[in-house]
Amino acid sequence: MTKEPTNEEFWDERYGGHGHGHIWSGKPNAALVSEVSGLTPGTALDLGCGEGADAVWLARQGWKVTAVDVSGVAIGRAVEHAADAGVAEAVTFERRDLSESFPEGRFDLVTSQFLHSPAAPVSADILHAARDAVAPGGTLLVEGHAGPPPWAPDAHNFLPTAAEVVTVLDLDPAEWEVQRAVEHERLQTGPDGTVVTRLDCTVKARRKA
Ligand SMILES: C[S@@+](CC[C@H](N)C(=O)[O-])C[C@H]1O[C@@H](n2cnc3c(N)ncnc32)[C@H](O)[C@@H]1O
């Protein structure tokens with residue numbers, strides 16, 4: 001019987017399978033840029049940072065960033081990207097499986113951009129840890145796909161709507177203000193090069209000071 005890869009093996013293969021080529025664009029996620037541009041920079045935690053484009057963008061805006069990913073291959077690329085961008089001192093990259101451990105401390109921004117995995121769906125525990133890592137006055141930003149892509153409609157995975165993310169986060173209204181919980185369309189290029197419309201969701205919440 002074939003052994004299923006661990007989450008780390010899955011993502012190392014996904015990143016490493018492209019040789020030295022990057023699998024993402026190197027540009028920060030549009031939702032991160034639009035939602036974070038108006039915030040005062042402080043400390044930020046980037047969950048599932050991939051090849052580091054968001055972390056580099058945050059560092060360029062003046063944030064002091066901790067960025068985490070389960071894939072050592074992705075982290076290696078992210079470290080290189082930060083060095084090339086001249087922001088290495090502002091970003092700490094950690095290879096870490098968030099289902100096993102979570103970074104210590106509290107952050108002015110906790111961002112999770114497409115933290116999905118076919119190998120190990122992101123659990124409620126990780127979303128709760130993300131919520132609990134936000135400092136008073138800080139912001140939680142969760143961006144994700146709200147449904148499967150047309151090229152893999154049966155991908156059994158946790159791809160929740162904005163309302164489902166809010167339900168799982170279980171935000172105490174005495175402590176939290178939900179600022180955005182919406183679905184929106186976004187163009188994405190599929191594996192065969194075809195551009196398709198995906199439904200993504202954005203959840204942004206501020207922890208009261
Ligand atoms: C779809 S990619 C998104 C990467 C990046 N945030 C972006 O938007 O380009 C999902 C990322 O989450 C990481 N990941 C998945 N499960 C994880 C876990 N349990 N702990 C840490 N990282 C994880 C993967 O290695 C991958 O880099």
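# Chatting through the sheet, the rings and a helix pair

Q: Let's start with E6 and E7. How do they pair?
A: This is a predicted model, and in it E6 and strand E7 (residues 195–207) run antiparallel to each other, paired over 13 bridges.

Q: Which residue in E7 is the bridge partner of Gln188?
A: That's Val196.

Q: What holds strands together in general?
A: Strands of a sheet pair through backbone hydrogen bonds, and the pairing can be parallel or antiparallel.

Q: OK, what's the order of the strands in the sheet?
A: Going across, E3-E2-E1-E4-E5-E7-E6. That's seven strands in an open sheet with mixed pairing.

Q: Which ones are the edge strands?
A: Strand E3 (91–95) and strand E6 (176–189), each of which pairs on one side only.

Q: And how are neighbouring strands turned against each other?
A: By 15° on average, if you ignore direction.

Q: Which helix packs on the sheet?
A: Helix H5 (residues 124–132) does. It touches strand E1 (43–47), strand E4 (107–113), strand E5 (134–145), E6 and E7. The direction of H5 makes about 145° with that of E5.

Q: Switching topic: how many aromatic pairs are there?
A: Two. In one, Phe10 and Trp11 sit edge-to-face, with 5.3 Å centre to centre and 80° between the planes.

Q: What about Trp11 and Tyr15?
A: Their ring centres are 5.9 Å apart and the planes are at 40°, so that pair counts as tilted. Trp11 and Tyr15 are four residues apart in helix H1, so about one helical turn separates them.

Q: Which residues end up in the cluster?
A: Phe10, Trp11 and Tyr15, linked by ring pairs.

Q: Is each of those buried or partly exposed?
A: Tyr15 is buried, with a relative accessible area of 3%. Trp11 is buried too, at 11% relative accessibility. Phe10 is at 24%, so it counts as partly exposed.

Q: Back to helices. How do H1 and H4 cross?
A: The axes of helix H1 (residues 7–16) and helix H4 (residues 72–84) come within 7 Å and cross at roughly 50°. That makes H1 oblique to H4.

Q: Which residues meet there?
A: From H1, Asp12, Tyr15 and Gly16; from H4, Gly72, Val73, Ala74 and Arg77. So Tyr15, part of the ring cluster, also takes part in the contact with H4, because Tyr15 is among the H1 residues that meet H4.

How values were computed: Residues numbered from 1 in each chain as written. Predicted model: local features only at pLDDT ≥ 70, side-chain atom pairs only at ≥ 80, totals over all residues. Heavy atoms only, no water. Axes fitted to C-alpha atoms, helices over the stretch in contact; angles between N-to-C directions. Helix = DSSP H or I, 4+ residues; strand = E, 2+ residues; numbered from the N terminus. Parallel < 35°, antiparallel > 145°, perpendicular 65-115°, else oblique. Contact = heavy atoms within 4.5 Å. Phe/Tyr/Trp six-rings, centres within 6.5 Å; stacked < 30°, edge-to-face > 60°. Buried < 20%, exposed > 50% of the residue type's maximum accessible area, 1.4 Å probe, protein only. Pairing = 2+ DSSP bridges.
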